[in-house]
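Me: I would like to learn how to read salt bridges in a model. Please take me through them.

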Amino acid sequence: MPCGEDWLSHPLGIVQGFFAQNGVNPDWEKKVIEYFKEKLKENNAPKWVPSLNEVPLHYLKPNSFVKFRCMIQDMFDPEFYMGVYETVNQNTKAHVLHFGKYRDVAECGPQQELDLNSPRNTTLERQTFYCVPVPGESTWSFLNFSFNACVNANQARVSPSTSYTPSRHKRSYEDDDDMDLQPNKQKDQHAGGRQAGSVGGLQWCGEPKRLETEASAGQQMNCLNFSSPFDLNFPLPGEKGPACLVKVYEDWDCFKVNDILELYGILSVDPVLSILNNDERDASALLDPMECTDTAEEQRVHSPPASLVPRIHVILAQKLQHINPLLPACLNKEESKTFVSSFMSELSPVRAELLGFLTHALLGDSLAAEYLILHLISTVYTRRDVLPLGKFTVNLSGCPRNSTFTEHLYRIIQHLVPASFRLQMTIENMNHLKFIPHKDYTANRLVSGLLQLPSNTSLVIDETLLEQGQLDTSGVHNVTALSNLITWQKVDYDFSYHRMEFPCNINVFITSEGRSLLPADCQIHLQPQLIPPNMEEYMNSLLSAVLPSVLNKFRIYLTLLRFLDYSISDEITKAVEDDFVEMRKNDPQSITADDLHQLLVVARCLSLSAGQTTLSRERWLRAKQLESLRRTRLQQQKCVNGNEL
């Protein structure tokens, strides 16, 4: 275990030490960041930091050092806080300076009062992000992160303190919410009450003078409308985990909505936050409406109970390239190059095993398995004007209708990629689900939708469930949103008075009986070589037959290849151009400029799948062969059915 346990359990004490040494000199803030950076470089130190993703909130110590892997769902307006403030002792008149950074509550000692008129007080600015767990994170990815976190499960557990009692471990989030809304219940659990107030973005706590009178007002808090469940605003239905208000102090301009972050910071869950926020709401009801800029709904959303939406004051933040726990977090660093080169040396057998595995999953169709591999490693590597280059949406047609095949195929994909979601394309879902995020101006927040997904998410759209029916206006808009996502790799968020484009990088895989209703870069018709009598049993046996170590190699393979650099030499570029001219000369209708673009995408993915970062003549010919086989199969199926697929 890293030496100096205090940095984990009492990080504010470490911060206080640097502040005391340096005073108002801003160097103390840089020293704090450097201190925690160095601590995390110690052997296995990140594994000792409790994670909000894996450890239940009521097991975490308030004001302890924690980490959180999350997606930025929304960005709130910047807020002001008291960076430095001064208190005065009522008896001795001694003045003491305190820091407000990394705090929601400005602590005042016995007999101390906040000196609001002190010239030494400093007001600073911080940014608040509303963050949620990574949408669609696969179970295997979550469990691998959890395994690393659980080595320090005991370290994460809370001990009896003035903020928590052991009995709290047995209460649910709903009970916590109830406790936050009824101060009279809390009074006996917190060592004496504390006088509370708010100024300059920091709440402050003093001695017990007010909670006695406020306890009787507990019954009046029903008007706050907390009786209804608080909407945590997760993009995907059925998601679980904590949402957090993340307070960022440095370089917040580097982050944007939908970014995946790994945060290290100080956990703030002081129940007094809920009481104070409720007081503010009651007070705002007495103000002139013209002077009260925040609506009650906005206050409710932006200041939820700390037991339900904890706060994290960020000391270190890193934007993640990916969320595959089997790979180094940043593949561009020097220390990651050894891992990459070692894995690349055994790439060929991994590809062969993966191809065999997917061939079995696709009922013996090796050509479809080839295209599924190419799809899974495809990514938008750049944009030229509005055109996203590198995307490769595949439509797998010929899937048996009214069968569990597509459901079990999705399960296979889930076992291979870190994040995914299966959209069952039924008339009811298309008409009723919210696909596009929209701005709620009353609450001043971005309400999430199904398509608010982070980069490199695999979106599997199952059209085999589509029945005859009528799409309403909402359904038409949702289909349009899916089409725009596939074609342009963007989602137009609805801001009522205008729409704002949010670029994305989402791998879309469509399963259908005939040709998909949605646009696709490539259609491959499934040709099963076997029909298992029991599909579930067949797929389960397929998964159980693969060794966990081999499955992990598949996962590394599919994530790593997305991030390899790729180029085409001038010599090969000239050869491709000549080849295109020759094909057009023989049959002008056989290939168009769009066909050439797709052929180049196939060749790119095919090269990368073999670990080659440049296009060779051999891979170009192989790409042409695959495309020829695919087109021939489509023509044969068209002749059999007598209609267009």
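**Reading the salt bridges**

Reply: At 28% relative accessibility, E250 is partly exposed. That class lies between buried (under 20% relative accessible area) and exposed (over 50%), with a 1.4 Å probe and protein chains only. This is a predicted model: local features need pLDDT of at least 70, side-chain atom pairs count only at pLDDT 80 or more, and totals for chains, interfaces and linings use all residues. Residues are numbered from 1 along each chain as its sequence is written, and side-chain values use heavy atoms, leaving out hydrogens and water.

Me: Which residue forms a salt bridge with E250?

Reply: Side chains of opposite charge can pair when their charged atoms come close. The criterion is a side-chain nitrogen of Lys or Arg within 4 Å of a carboxyl oxygen of Asp or Glu. Here K101 pairs with E250, the closest N and O atoms being 2.5 Å apart. K101 sits in the loop between strand 3 (95-99) and strand 4 (105-107), E250 in the loop between strand 9 (244-248) and strand 10 (260-268), so the pair ties together parts 149 residues apart in sequence. Strands (E, at least two residues) and helices (H or I, at least four) are DSSP runs, numbered from the N terminus. K101 is buried, at 2%.

Me: Where do K574 and D578 lie?

Reply: Both are in helix 20 (residues 570-586), four residues apart, about one turn of the helix. K574 is partly exposed at 46%, and D578 is partly exposed at 40%.

Me: How many salt bridges does the structure hold?

Reply: It holds 33. E79, D104, R126 and K247 are linked in a network of them.
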